[in-house]
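Please examine the model shown below together with its sequence. The paragraphs that follow treat its pockets, its strands, one of its helices and the chain as a whole.

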Amino acid sequence: MNTRVTVRDIVKMKGKEKIAMITAYDYTTAKLVDQAGIDIILVGDSVGMVVHGLDTTIPVTMDMMLLHVSSVARARPRALVVGDMPFLSYETSIEDAVRHAGLLMKAGADAVKLEGGSELSDVVKALVRAGIPVMGHIGLTPQRSFLIGGYRKRGVSEKEREKILEDARELERAGVFSIVIEYTAADVAGEVTREVSVPTICIGSGPFCDGQVLVIHDLLGLTENPPPFAKAYVNLRSLIVNAVKEYVREVKNGVFPEEKHYFYSKKQ
């Protein structure tokens, strides 16, 4: 169990064992999810929304991603660490993409993830040539939400189905080691999974993929308005609020701190 998970290990899991991926953005959370036996930790640009309070992932910067990737990496997890490429860190030029992906790797990522399909095949090829493992991301691509009309279901028309399949094939040819499929019709995601030789990891795209991913805040019940495809495994939001309420009550009533929580000088 102490052996680090590698990209090769993830690829070999296709068709044999379901892949469990979760987001984490800091040292403590990375320690905890790794202890739980997660296969992949995604340091997602979703950090902008769930940690920094942004409305979308668009404003997330490279500096933000480098900070959170390095925080997770310092936990020295067994799980594979994948760092998200933020908006405009890879679209402007191949040179920018390689440089920014390299910075994420130097910060401690084992691989990078980028959103988009066939239009990014040259970028993926360049990253792979540079020795950087790449995870693809198709279907709903939040960084392109303004272009596609918001956070809406994908793969509902024949045209979208064909585009998603084409994107998956092109990403596979370009050299990705896995593909995230977000908020896409389950039958289409299943078709992609059968079509490509690399693992697919679904979020809101049904049970027919090779794995699943959730945002940690959704899983823990911390999100005020979670997406419809998320499942909360605990209501941590109410637990935290109640714990802090109890703390406030004890402070107001002089119950906390107790003697065990403080000390006197030798003069007492």
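The lining of the second largest pocket draws at least two residues from each of β5 (134-139), α7 (145-148) and α8 (158-174). Here helices (H or I, at least four residues) and strands (E, at least two) are DSSP runs, numbered from the N terminus. The structure is a predicted model, in which local features need pLDDT of at least 70, side-chain atom pairs count only at pLDDT 80 or more, and totals for chains, interfaces and linings use all residues. Residues are numbered from 1 along each chain as its sequence is written, and side-chain values use heavy atoms, with hydrogens and water left out.

With five residues, α8 gives the most to this lining. The second largest pocket is lined by 17 residues, and G139, I148, R154, K163 and D167 lie nearest its centre. On a 1 Å grid over the protein atoms alone, a pocket is an open set of points where a 1.4 Å probe fits, with protein on both sides within 12 Å along at least five of seven lines, whereas a cavity is a set from which the probe cannot get out; lining residues have an atom within 4 Å of a point. The volume of the second largest pocket is about 340 Å³, a volume being the space filled by probe spheres set on the points, which are joined across faces, edges and corners. Its lining divides into four nonpolar, five polar and eight charged residues. In this division Ala, Val, Leu, Ile, Met, Phe, Trp, Tyr, Cys and Pro count as nonpolar, Asp, Glu, Lys and Arg as charged, and the others, Gly among them, as polar.

The largest pocket has a volume of about 680 Å³. Its lining comprises 30 residues, of which S46, M49, V215, D218 and P227 are the closest to its centre. The lining contains 16 nonpolar, eight polar and six charged residues, and α3 (47-50), β6 (178-182) and α10 each supply at least two of its residues. Helix α10 (residues 216-219) includes H217. H217 is buried, with a relative accessible area of 17%; buried means under 20%, exposed over 50% and partly exposed in between (1.4 Å probe, protein chains only). Beyond its neighbours within four places in sequence, H217 is in contact (heavy atoms within 4.5 Å) with Y25, V50, V51, L222 and T223.

Strand β6 is largely enclosed by the rest of the structure, because five of its five residues are buried. In a regular strand the side chains alternate between the two faces of the sheet. In β6, S178, V180 and E182 are buried on one side, and I179 and I181 on the other. β6 pairs with β5 in the parallel sense over five bridges; two strands pair if DSSP finds at least two bridges between them. Within this pairing, I181 is the bridge partner of I138. Four bridges join β6 to β7 (residues 200-203), again in parallel, with V180 opposite I201.

Helix α5 (residues 94-107) has 14 residues and reaches 20 Å from its first C-alpha to its last, close to the expected 20 Å, where the expected span is 1.5 Å times one less than the number of residues. Its buried residues are A97, H100, A101, G102, L104 and A107, and their cover includes α4 (62-73), β3 (80-84), β4 (111-113) and α6 (121-129). After α5 comes G108, with a positive phi near 125 degrees.

The chain has 11 helices and eight strands, and buried residues make up 47% of its 268 residues.
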